[in-house]
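Open the model in your viewer and keep the selection panel at hand. The tour goes stop by stop.

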Amino acid sequence: MKSDPAGTITSSPSVSMPRRQMEELSADEALRLLDTVELGRIVFTRHALPAVRPVNHLLDAGDIIVQVQDGLTLAALLAAQGDAGVVVAYEADFIDQGERLGWSVVATGYATAVTAPSEIERYAHLLHPWVEGTASGTIRIRPDVITGFRLRESSP
């Protein structure tokens, strides 16, 4: 069913779609899939409300590493938190919209600033941000909870 601009509900013609099934992923499989894509979304709290920013990432020994750009809210938030870190969620997915198949992964844990100069330099060479600008910091997310699912075709 669809809603038109006037607010009335119209029905769509019946289209036969292959059946889909949602399959839960193990934490190991979810991290393996997360490592196959470069872009995700970091979810954090800003003024007591959820905020989401797209960022690119890499995995390093099970940790999710992202760089933040100058002026990004998360950079200011981490600076205010000090060494304690802040709880965040990180989500990435790969969904083929035509086939309606794919996967989605969410990792929740503490984000802290990477401060060791050797690590900052190493990640600067490995991460290639998709936007112009100077990175204002590098963040390590240590996932405590990792969940994921795969959309797959149902068996007949």
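Select β5 and strand β6 (residues 63-69): the two pair in the antiparallel sense over 4 bridges. Pairing here requires at least two DSSP bridges between two strands. Helices (H or I, at least four residues) and strands (E, at least two) are DSSP runs, numbered from the N terminus.

A word on the source: this is a predicted model, in which local features need pLDDT of at least 70, side-chain atom pairs count only at pLDDT 80 or more, and totals for chains, interfaces and linings use all residues. Residues are numbered from 1 along each chain as its sequence is written, and side-chain values use heavy atoms, leaving out hydrogens and water.

Stay on β5 and β6. Show L59 and find I64 of β6 opposite. Then go to the turn: 2 residues lie between the strands of this hairpin, and A61 has a positive phi near 55 degrees.

Pick T45; P50 in β5 stands opposite. β4 and β5 also form a hairpin with 2 residues between them, and H47 in the turn shows a positive phi of about 55 degrees.

**Stop two: the largest pocket**

Keep β5 and β6 on screen. Each supplies at least two residues of the lining of the largest pocket. β5 gives the largest share, 4 residues. Select P54, V55, N56, Q69 and V131: of the 11 lining residues, these lie nearest the pocket's centre. The space inside is about 190 Å³.

How is a pocket found? On a 1 Å grid over the protein atoms alone, a pocket is an open set of points where a 1.4 Å probe fits, with protein on both sides within 12 Å along at least five of seven lines; lining residues have an atom within 4 Å of a point. Points are joined across faces, edges and corners, and the volume is the space filled by probe spheres set on them.

**Stop three: a nonpolar patch**

Select L39, W130 and V131. Together they make a nonpolar surface patch of about 310 Å². Such a patch joins nonpolar side chains (Val, Leu, Ile, Met, Phe, Trp, Tyr) within 5 Å, from residues with over 30% relative accessible area and no salt bridge. A salt bridge is a side-chain nitrogen of Lys or Arg within 4 Å of a carboxyl oxygen of Asp or Glu. Areas come from the Shrake-Rupley method with a 1.4 Å probe.

Zoom in on W130, in the loop between α3 (117-126) and β9 (135-153). Is W130 buried or exposed? W130 counts as exposed, because its relative accessibility is 57% and the cut-off for exposed is over 50%.

Technical notes. Patches are made of residues with over 30% relative accessible area and no salt bridge: like charges are joined within 9 Å, nonpolar side chains (Val, Leu, Ile, Met, Phe, Trp, Tyr) within 5 Å. Buried means under 20% relative accessible area, exposed over 50%, partly exposed in between (1.4 Å probe, protein chains only).
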